[in-house]
Amino acid sequence: MIKQFFESVIALVQGFSFTLQSAFTKPVTIQYPEQKREVRERFKGRHSLMRYENGLEKCIGCALCAAACPPGAIFVEAAENTDEERYSPGERYASTYEINMLRCIYCGFCEDACPTEAIVLGHEYALSYTDRRSSIFTKNMLLQPVQPGVMDTPQRTDPGQFNRAVPIMKNPQ
Amino acid sequence: MDIAMVLEWVVKAAVILAVMTGGFAYVTWLERKQLARMQVRIGPNRAGFAGLLIPVADGIKAIFKEELIPATADKFFFVIAPIITVIPSLIVTAVIPWGRTIDLFGRSVSLYLTDINVAILYILSVTSISVYGITLACWASNNKYSMMGGLRATAQMISYELALGLAVLGPVMMARSMSIVSIVEAQKGLWFIVPQIVAFMIFVLTSLAEINRNPFDMSEAEQELTGGYNTEYSGMKFALFFMAEYIKMIAISMIGTSLFLGGYIGPGIDLPSPWGPLLGIIYFWGKTIIWLMCIIWVRATLPRIRYDRLMALGWKILFPIALLNVLVTAAVQIWK
């Protein structure tokens, strides 16, 4: 009984001294708009559509990302490439590519499903909109800008230069 | 009674009201800031320097918010309940002295509104009125959460009022007076916290229960009762309840300071006017602010106590100890 009483008094003193000590330690707060915390390397943020070094789009319009997407946020419409107007190396390219960012759950399944590593989830997370229409990110918004000195798509290419969807296949390492 | 005296009283009453309502605003700021620091955060720092404009922003928001009265509520009592709660907590501080008499404009002005000889009775009875506001709010809201919160508040208030009254009796018997000014003056040599340490501890615990603060905030337990008696209140009416709670917090700190920590007594208090009385005001408010910070410290540390434990603590432990303290104090006072 008396032992219990002293134990509870000690616990009380410990509790109060802990909060008092906390008051004199440095706050852990990050002042958000001014200071930003670095995201992790594998953080899954806003998507972007990648390009090859020669400026062609990696996306071949197969719509496997749309099939893999759990909330059905991705809409892909494919069209045929020609040598006069070439967007991607293979037969087809994505003429329309839209992601509804309000539906997206940032699971990264699209990234896993993509056979050409065209869609990649990046590090940008500050996405906000004032109406629903502007939550739909179109292909122009998602596509990476071309490197300087590289021609934008559509490109005019020599016949028979690109006949494979994935031009250089790397072996798994 | 000349016109200057009437003017003096009006000015003093206005100052008390202004200090209590302004104090309410800045105690909310103090609470946010201190809780944040004790939780290793920064707290409000955007609105004005160090977040000092936060209470202003809160007030503007509360004024412009929609006043919602539930369809099944009793309209009259629903509206009047916050007013009944806030007025007693404002007028209770009229009897608490901030200092001695100061010479101003050729008059000797005493630094308290009034020094009635039954000040302790006045405080105890007026603070009990505010529970009617809470009870009326809980009935008039016609909501089960409000109902539970109001019932808890009433039961808790009745249980802890007894121990609180008995704890206050200790300083009253030591000073042989019920006037707060006499009680403060009796602590000239030794603050009553030393001979009345038991009464002091009981006073601290029961006053927390009396003002519904952690760990005794059963009546508005957010997690269980979604806000208790103020579930249905919004806008300015909610702000009034909030105000009543914080003003009671200031008032109980002022009362505790006067009863146990020597009120305005401190070194240099006997200096001639105006320095002595001004020092008195500084001592009084310094002690009150320290008391307030301790109340917030308790909130930062302790979780809410279980309801049956609250009742057991009140009736089985605090009440008998308070009675015993009264008996021992009375015996010592007689044989001395």
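**Exercise 1. The surroundings of one residue**

Ile252(B) touches Ser207(B), Glu210(B) and Ile211(B), leaving aside residues up to four places away in sequence; contact requires C-beta atoms, placed from the backbone, within 7 Å of each other. This is a predicted model, in which local features need pLDDT of at least 70 and side-chain atom pairs count only at pLDDT 80 or more, while totals for chains, interfaces and linings use all residues. Residues are numbered from 1 along each chain as its sequence is written, and chains are lettered from A and ligands numbered from 1 in the order in which they are written.

Solution. 
- Step 1. Ile252(B) lies in helix H9 of chain B. Helices (H or I, at least four residues) and strands (E, at least two) are DSSP runs, numbered from the N terminus.
- Step 2. The cut-offs are 20 or more other C-beta atoms within 10 Å for buried, 12 or fewer for exposed, and partly exposed in between.
- Step 3. Ile252(B) and Trp291(B) are 39 residues apart in sequence, yet their C-alpha atoms are 9.2 Å apart in space.

**Exercise 2. Two helix pairs**

Task: Determine how H1(B) and H9(B) are oriented to each other, and likewise H5(B) and H11(B).

Solution. 
- Step 1. Two packed helices are described by the angle between their axes and the distance between the axes. Axes are lines fitted to C-alpha atoms, for helices over the stretch in contact, and angles run from 0 to 180 degrees between N-to-C directions.
- Step 2. Angles under 35 degrees count as roughly parallel, over 145 as roughly antiparallel, 65 to 115 as roughly perpendicular and the rest as oblique.
- Step 3. Helix H1 (residues 3-38) of chain B crosses H9(B) at roughly 100°, and their axes come within 9 Å. H1(B) and H9(B) are therefore roughly perpendicular.
- Step 4. On H1(B), the contact involves Met20(B), Gly23(B), Phe24(B), Val27(B) and Thr28(B); on H9(B), the partners are Met243(B), Tyr246(B), Ile247(B), Met249(B) and Ile250(B).
- Step 5. Helix H5 (residues 144-175) and helix H11 (residues 307-335), both of chain B, pack at about 15° with axes 9 Å apart. H5(B) and H11(B) are therefore roughly parallel.

**Exercise 3. The nonpolar cores**

Task: State which residues have the most contacts inside the largest nonpolar core.

Solution. 
- Step 1. A nonpolar core is a set of buried Ala, Val, Leu, Ile, Met, Phe, Trp, Tyr and Cys residues joined through C-beta atoms within 7 Å.
- Step 2. The largest such core has 85 residues, and Ala167(B), Ile247(B) and Ile250(B) have the most contacts inside it. Helix H9 (residues 235-260) of chain B gives the most to this core, with 15 residues.
- Step 3. Ile247(B) touches Met20(B), Phe24(B), Ser89(B) and Leu90(B), not counting residues up to four places away in sequence.
- Step 4. A second, separate core of 20 residues includes Cys65(A), Cys69(A), Ala94(A) and Ile119(A).

**Exercise 4. Positive phi**

Task: Locate Ala63(A) and Arg176(B) in their chains.

Solution. 
- Step 1. Most residues other than glycine have a negative phi.
- Step 2. Ala63(A), not a glycine, has a positive phi of about 65°. Ala63(A) lies in the loop between strand S1 (47-49) and helix H2 (64-68) of chain A, and counts as partly exposed because it has 18 C-beta neighbours inside 10 Å.
- Step 3. Arg176(B), also not a glycine, has a positive phi of about 55°. Its place is in the loop between H5 and helix H6 (180-186) of chain B. Arg176(B) counts as exposed, with 10 C-beta neighbours inside 10 Å.

How values were computed:
Two residues are in contact if their C-beta atoms, placed from the backbone, lie within 7 Å.
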